[in-house]
Every structure is written in structure tokens, then in C-alpha cells.
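Visitor: I'd like a quick tour of this one. Can you walk me through it?

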Amino acid sequence: MAERLLIRALKGGKNTKIVILNGKNITKMPSVLEKLPGLKTLYLQNNQISKVCPEISSLTQLTALNLGNNLLEEVPEEMKYLTSLKKLHLFRNKIHRFASGVCDGLQSLILLNLNNNQLTWIPQEISRLKNLRCLSINHNQLASIPRELCFLENLSELQLNYNQLVCIPKEIKFLKKLRKLLLSRNNIKSLPEFQDLKLREFYCEGNPLFLKQPVSAIKQEDVWSLQEITSRFIMNQLSEKNPFLMKAIKWYPQVRSIISQGRKCAICEKFFLTIWLECVEFFPPSKNWKISRNLQLVPLRILICSYKCFYQRNPNIFGIAQV
């Protein structure tokens, strides 16, 4: 049956645009595919293919490739030659690595589906997929994700359900186009700041977010060192674009190094070096978010600069407790 379909496709030559060979018990990708240079869509789902044939690199007009439910062990290197590819489905394989350089040529890719594989890591090179909009890696074994993933400026959907993630990079706030974020059933104990993201859907049930004590006091006394006082003054003057300091700071690399460690207080929004209190504020999700029924409040890690700021805040509104 598969042979007859291939013969029919080959008769069409460069005019053949679609080849569908799902569920044909194919164990080896047909090398004759190289004779179909005009191919746009190739479906080889539900077979027993363990390797991609080198000849696939000639399919430079291919826009959709489905190799789901096969026996692949890596995201194949040959994919980098598919420069027109927009949708790549590799779900339900045995993939545990990315071949070197595979992300280099996939500049047109907008969807990558790696669900139900054995991935324990994602390469930093994922950041090269500049047009990627949807990345789905549910049901894998990821313990972390690289910060480089957070520089995919066109990413609108990120699915990481059922992994082993313990944290999310703080750089996630740079995903300005992200609308859908799925983090369910991981080991995430705290979330970075991402309340400015315009999410429409956010799921994080099945994580130990609410099981730990949310607060740890860093400093018991509100007494600042001379370095702290000076650093606060300089940082806050620089934030107000004080022309004298902006020019002078260029000549003092050691000072620049110290103030580069500064943080902004969650209450007064001024800069400081030494944290007085680190805690978690529980805030209601945006009305535009679609959320799990059991997620009424979202935990947000915040830093506070002083005793004064902490007690100026209304303690009846925020879920803050001190250890």
C-alpha cells in the first residue's frame, strides 16, 4: 500500500505537494522523497522509523512534517536543511537529545511539538528559532529550561506540563507575546515575576507552590551601612537620570559593579542593595487569564528594602508572614 502511494506521488514529480503515509508500518524513511522537490506536506505518523534519511535535506520547500509516534531518538540534524519548514511534529518518539546544529536552519519554524518524549534538557541554541510561536514539550523529563528560551520574542504559547521543573527563569518576563503558559504537574516551588505578561491562559496546578513557608526574613534590624546609604543614593539618582552622576559613574568601574547588584523595592520602588525582607505576595490573576479552578491566587516573590516600607503597607490585604 505504501509503495503504491509512493509510486503515485513520484509520477507527479515536482508537482506533488502532499504525501501522507501514516500507519503503514514503515521502518525506514523512503529515500525516493528526494525526487519530490516541490513537496509541501509530509506525514509519516504512526510508523516505526528510527532515523531520518539524508535525502530529506533536498525538500527545501517542505512546510509541514509529521513524524509523530515513531522510534526517533534525537531531533535529527537533517532538519536544519528544511529552511521553509513551519510545523514540525515529533511527539511520542524516544527523543532524548537535539542533534548538534539542528536549530540553525529552522528559521521559518512556528510550531514545534515534542510531547511525550524523554528529553532532560533543551539546548541553548533553541533561541535561534526566531519565528517560533508555539513550543510544546509536555510529558518529558525536563529539570530546567535555559534562559535563552526566554528570548524567543515571537513565542505566544509554551507548554511544559508533566516534567520535573523546579524553577522558571526570571527572564520569562521578556516573552512579551506570550499568551498561554502551561506548567502543571512539575516540582516548581516558586515563580518569578511575570505579572506584566499579557497571559490569557495560565495553568500551574500540581506544583508545591503553596506547601512551603513563603517568607524568609533576611535582616532583622533596619540599620544601613555607609556603602548601603551611598549605593541607594547613587542608584536612585541614576534612575532619575542625574546628568552629573551619569557622566561620573563611567570612570568608576568598581562602583558600577557594586550598584549592578541593586534591586527595586516592591513597595516604594526605589533601589537598594541589602534586602530587608524577602516574601511572597499572593495576587489575583488577571481577568483575561484562563486558569485552573483550584488556582485562586498566584504567588509572586517580592523584595522589600526596609522596615518602614513593610509596615506602611496594609497587612490585611497581602498574604505576608514572617519566619
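Guide: What follows is a short walk from the overall make-up to single residues.

Visitor: Ground rules first. What kind of model is it, and what was counted?

Guide: This is a predicted model: local features need pLDDT of at least 70, side-chain atom pairs count only at pLDDT 80 or more, and totals for chains, interfaces and linings use all residues. Residues are numbered from 1 along each chain as its sequence is written, and side-chain values use heavy atoms, with hydrogens and water left out.

Visitor: How many helices and strands?

Guide: Five helices and 17 strands. Both are DSSP runs, numbered from the N terminus: helices are H or I with at least four residues, strands are E with at least two.

Visitor: How much of the protein is buried?

Guide: Of the 323 residues, 44% are buried. Buried means under 20% relative accessible area, exposed over 50%, partly exposed in between (1.4 Å probe, protein chains only).

Visitor: Which residues touch the most other members of the largest nonpolar core?

Guide: Leu 65 and Leu 67, in a core of 62 residues. A nonpolar core is a set of buried Ala, Val, Leu, Ile, Met, Phe, Trp, Tyr and Cys residues joined through side-chain atoms within 4.5 Å. There is also a second, separate core of seven residues, including Ile 275 and Leu 303.

Visitor: What is Leu 67 in contact with?

Guide: Beyond its neighbours within four places in sequence, the partners of Leu 67 include Met 29, Leu 44, Ile 49, Val 52 and Phe 91. Contact means heavy atoms within 4.5 Å.

Visitor: Switching topic. Where is Asn 186 found?

Guide: In the loop between strand E10 (180-182) and strand E11 (201-203).

Visitor: Buried or exposed?

Guide: Asn 186 counts as buried because its relative accessible area is 4%.

Visitor: What does the side chain of Asn 186 reach?

Guide: The backbone nitrogen of Asn 163, at 3.2 Å. A polar atom of the Asn 186 side chain also lies 3.0 Å from the backbone oxygen of Leu 183. Outside four places in sequence, Asn 186 has contacts that include Tyr 162, Leu 165, Gly 206 and Pro 208.

Visitor: How many aromatic pairs does a search of the whole structure find?

Guide: One. Phe 151 and Phe 174 are stacked, 6.0 Å centre to centre with 25° between the planes. Rings of Phe, Tyr and Trp (its six-membered ring) pair if their centres lie within 6.5 Å; planes under 30 degrees apart count as stacked, over 60 as edge-to-face, the rest as tilted.

Visitor: Where do the two sit?

Guide: Phe 151 is in the loop between strand E8 (134-136) and strand E9 (157-159), Phe 174 in the loop between E9 and E10, 23 residues apart. Phe 151 is partly exposed at 33%, and Phe 174 is partly exposed at 41%.

Visitor: Last one. Where is Ile 122 found?

Guide: In the loop between strand E7 (111-113) and E8. Ile 122 is buried, with a relative accessible area of 6%. Its C-alpha atom is 7.9 Å from that of Leu 142, 20 residues apart along the chain. Leu 142 is also one of the contacts of Ile 122, as are Ile 137 and Pro 146.

Notes:
A polar contact is a pair of N or O atoms within 3.5 Å; within protein, one must be able to donate a hydrogen and the other to accept it, and residues adjacent in sequence count only if both atoms are side-chain atoms.
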